2 protein chains.
Amino acid sequence: MQLLKTIEEIRAAVAQARRQGKTIGFVPTMGALHAGHSSLIQKARSQCGCIVVSIFVNPTQFGPTEDFGHYPRTLEEDTCLCESLRVDCVFAPSAEEMYPQKNLTWVDVEQLTAGLCGASRPGHLRGVTTVCTKLFHIVLPDKAYFGQKDAQQAVVIRRMVEDLNFPMEVIVCPTVREADGLAISSRNRYLSPEQRRQAVCLYQALCRCKEWVQQGTISSRELIEQMNQIVSKAGAQAEYISIVDSRTLQSMESLTADALVALACRVGTTRLIDNMLIFLNPLRFQI
Amino acid sequence: MQLLKTIEEIRAAVAQARRQGKTIGFVPTMGALHAGHSSLIQKARSQCGCIVVSIFVNPTQFGPTEDFGHYPRTLEEDTCLCESLRVDCVFAPSAEEMYPQKNLTWVDVEQLTAGLCGASRPGHLRGVTTVCTKLFHIVLPDKAYFGQKDAQQAVVIRRMVEDLNFPMEVIVCPTVREADGLAISSRNRYLSPEQRRQAVCLYQALCRCKEWVQQGTISSRELIEQMNQIVSKAGAQAEYISIVDSRTLQSMESLTADALVALACRVGTTRLIDNMLIFLNPLRFQI
């Protein structure tokens, strides 16, 4: 496995793999790798000849009051994990390598970024789409892999790739969970033991939502109220709990089309997100 | 020469040229081809193995009151010219092919788009950067060719390619002029014979500006006032006459760095633009 720090180096490595007739699978990450990332890498490994993982804590997707400064940085463990998963290249550039001058160019996806995390984290998704565009242009992958845990990000990146005709495919892989159901996230390591026990409430609220839907509840308001009670009782604070059309991300008053149930909660000062897809006809759930 | 209407077809044609080891030179146009485009194509022909010309009157770069509807469309003449210049592929997609669904994703370059044509044509440059991104992703060129006549566009596209790490080079070619100095433009065909005589005033104003600078004038205000008089006397109306830093496009009070002198004028209802670069140390001009 190669650990590469410059754009020139990763471009040369990918070009060589390309000349050998290999397809390129790309997993963009901010490092602090966990089982969720492993599942993306394994999926890529099963579909592509050359696997590139980028590790870059992207400053332009953090707000001024967010956790950019103390976001976990664990490059040594991350490269060990990548090596064990038979990654070909880890691309770990510096901020100066990625942003050598003031960035003036932004990729923005309208409408899909207005609600959910887009509403509570202004500029976040614009930072994500912009850095993904840069990384896609550097790595030139055939397929790029994202987690369903960041549901809005997945919808936004997919639409960006369609709208801008990127010559590549976006693959979205299911959320990976701890034994008790907590969605695995790099930010889980911020949680104290007590907060860790509280944090399962996001998953529990989604599971109860599933039951109510199975029992016939279709009003978003009712479902959201019940979920909010579960979260509050556990001692967490809901930032949003939303039921939206799974493709347009527009709010739905009731379950009349395939839906995304998404929530963001504070457990202590840590912001956690989770979601569930509801498909109608026939009714099924992806959680 | 191949005339291709779908993204799938042009991608296949480019991929074949690529497999033959050819470099790809790309000239994006809105058709109504003239000697300015020919110079771009000839430059591309001298540098690349496979030349692609796109012909697409892009709706997203026209304002609601602008000339999208009656912009000249001359596909047959255009393809004849391309054939004579040994173009390999003309890509002439429909609006439905380029925008099969409502476009939600926009590429925006801040600061550089605030003044000049960006100020008088809101959304225009965003439409240009977005469609160029789409076309670059479709054609995947090694080099793309733009004219210095659209000076702000050239600076903006160059910056976009840098900021977003597009794996390609932007080549800007000098403005091509009629015998009397009028910059060649597809919109010149809107001019009546009398307006055509008036239209040379943009070039004359630039030439006089050059003389004043050679004689030692460095105040932007003085230079602009004099240019405005020339334009007004000819019966044209200046939309803007600006002297800006040639890299940042920020207004300059006096010639203290390499400068772009740019103007947009109405001759009748036709909007014409022209510009001149001034390099200091040693003093020289590109017009």
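Me: Which residues does Y203(A) touch, not counting residues up to four places away in sequence?
Reply: Y203(A) touches R177(A), G181(A), L182(A), A183(A) and D274(A). Two residues are in contact if their C-beta atoms, placed from the backbone, lie within 7 Å. This is a predicted model, in which local features need pLDDT of at least 70, side-chain atom pairs count only at pLDDT 80 or more, and totals for chains, interfaces and linings use all residues. Residues are numbered from 1 along each chain as its sequence is written, while chains are lettered from A and ligands numbered from 1 in the order in which they are written.

Me: Where is Y203(A) placed, and is Y203(A) buried or exposed?
Reply: Y203(A) is in helix α9 (residues 201-214) of chain A. Helices (H or I, at least four residues) and strands (E, at least two) are DSSP runs, numbered from the N terminus. Y203(A) counts as buried because 20 C-beta neighbours lie inside 10 Å. The cut-offs are 20 or more other C-beta atoms within 10 Å for buried, 12 or fewer for exposed, and partly exposed in between, with C-beta atoms placed from the backbone.

Me: What percentage of chain A is buried?
Reply: Buried residues make up 41% of the 287 residues in chain A. Among contacts in chain A between residues at least 6 apart in sequence, 69% join residues at least 24 apart.

Me: Changing topic: how many residues of chain B are in contact with chain A?
Reply: 23 residues of chain B are in contact with 23 residues of chain A. On the side of chain B that touches chain A, β5 (105-109), α6 (124-139) and α7 (151-163) of chain B each supply at least two residues. The largest share of that side, 5 residues, comes from β5(B). By type, the residues of that side are 12 nonpolar, 6 polar and 5 charged. Here Ala, Val, Leu, Ile, Met, Phe, Trp, Tyr, Cys and Pro count as nonpolar, Asp, Glu, Lys and Arg as charged, and the others, Gly among them, as polar.

Me: What joins β5 of chain A to β5(B)?
Reply: 5 bridges join strand β5 (residues 105-109) of chain A to β5(B), and the strands run antiparallel. Two strands pair if DSSP finds at least two bridges between them. T105(A) stands opposite V109(B) in β5(B).

Me: Which residues of α2(B) are buried?
Reply: The buried residues are G36(B), H37(B), L40(B), I41(B) and A44(B). They lie on the same side of α2(B) because they cover an arc of only 135° around the axis, the arc being that of the directions from the helix axis to the C-beta atoms. The face turned away from the buried side carries the exposed residues A35(B) and S46(B).

Me: What covers the buried residues of α2(B)?
Reply: The cover includes β2 (24-29), β3 (50-55), β6 (143-147) and β7 (169-173) of chain B.

Me: Which peptide bond in chain A is cis?
Reply: The bond from N281(A) to P282(A) is cis, with omega near -10°. P282(A) is found in the loop between β10 (270-279) and β11 (284-286) of chain A. In chain B, a cis peptide bond joins N281(B) and P282(B), with omega about -5°.
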